[in-house]
Amino acid sequence: MQGKNPKNPKKIVLMGLDNSGKTSIMLCLKGVKNLSSFSTVKPTRGFEINRFHTLGSEFNIWDFGGQEKFREDYFKNFGNQIKGASKLIYVLDVQDKERYDISLEYLAKIIMLLKKTKIVLDFSLFLHKFDPDIEIIKEEIKEEVIQMLLKQIEDLIPPDFPCQIYKTSISTVFQKSVT
Ligand SMILES: Nc1nc2c(ncn2[C@@H]2O[C@H](COP(=O)(O)OP(=O)(O)OP(=O)(O)O)[C@@H](O)[C@H]2O)c(=O)[nH]1
Ligand SMILES: [Mg+2]
């Protein structure tokens, strides 16, 4: 089975705009717990592949840096970059309200290309930086803003395209680790 065999690790792809939190999520998935690794994370240039082992399986996380200059490159060779992936996680920074439109455009293009290239994988959308105190630290991120965003996402995802949506935050990882 793919993932169980060290020679055939499961490929997980992380995509989303720059600064949305992909590399931080990758560190969480790898089980990194020391805060300094999170605070020293730098923007990813192009894509980076991180291999790790958990729950008896091997994984390769392909972390696609989200700066515009890199995003354009991925689309030139999309089929080959994504080939063999069993999961794609799209990361949208809920605290970056000014760039919801750009992020949804990127998401729509990825979905369109997945359909065009007939690549079938498990697709998840992380509404990330959904910190426990989000309404206090970011006054503009009110419940109705999130509801509107969810409506836009719903309109954008084709009915025959299964997608799981999660609210995520790296803060909850740290909360869990101290209790
Ligand atoms: N408040 C908050 N900040 C977060 C969270 N996750 C990541 N960050 C911060 O967001 C910033 C960007 O995180 P990265 O993981 O480098 O983002 P990225 O998506 O990998 O960015 P690129 O590599 O440029 O595509 C860092 O300062 C992180 O500490 C979160 O859940 N909540
Ligand atoms: Mg990164």
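What share of the 179 residues in the chain is buried? Buried residues make up 22% of the chain, where buried means that 20 or more other C-beta atoms, placed from the backbone, lie within 10 Å of the residue's own.

## Basis of the model

This is a predicted model, in which local features need pLDDT of at least 70, side-chain atom pairs count only at pLDDT 80 or more, and totals for chains, interfaces and linings use all residues. Residues are numbered from 1 along each chain as its sequence is written, while chains are lettered from A and ligands numbered from 1 in the order in which they are written.

## Overall fold

The chain has eight helices and six strands, taken as DSSP runs numbered from the N terminus (helices H or I, at least four residues; strands E, at least two). From the N terminus, the order of elements is β-α-α-β-β-α-α-β-α-β-α-α-β-α. The radius of gyration is 16 Å, close to the 16 Å of the globule rule for 179 residues, so the chain is as compact as a globular protein of that length. That radius is taken over C-alpha atoms, and the rule is 2.2 Å times the number of residues to the power 0.38.

The C-alpha atoms fill a box of roughly 45 × 40 × 30 Å along the principal axes.

## The sheet

Six strands form an open sheet with mixed pairing, in the order E2-E3-E1-E4-E5-E6; two strands pair if DSSP finds at least two bridges between them. E2 and E6 (164-167) are the edge strands, each pairing on one side only.

Strand E3 (residues 57-64) runs parallel to E1 (residues 10-16), joined by five bridges, and Leu14 has Asp63 in E3 as its bridge partner. E2 (residues 47-54) runs antiparallel to E3 with eight bridges; here Arg51 is partnered by Asn60 in E3. The hairpin of E2 and E3 has two residues between the strands, and Leu55 in this hairpin takes a positive phi near 45 degrees.

Of the 21 residues around ligand 1, Gly21, Thr23, Ser24, Thr44 and Gly66 come nearest; a residue counts as near if its C-beta atom, placed from the backbone, lies within 6 Å. Helices H1 (22-29) and H8 (170-178) each supply at least two residues of this shell, and the largest share, three residues, comes from H1.

By class, the shell has four nonpolar, 13 polar and four charged residues. Nonpolar here covers Ala, Val, Leu, Ile, Met, Phe, Trp, Tyr, Cys and Pro, charged covers Asp, Glu, Lys and Arg, and the others, Gly among them, count as polar.

Notes
Buried ≥ 20, exposed ≤ 12 C-beta atoms within 10 Å, placed from the backbone.
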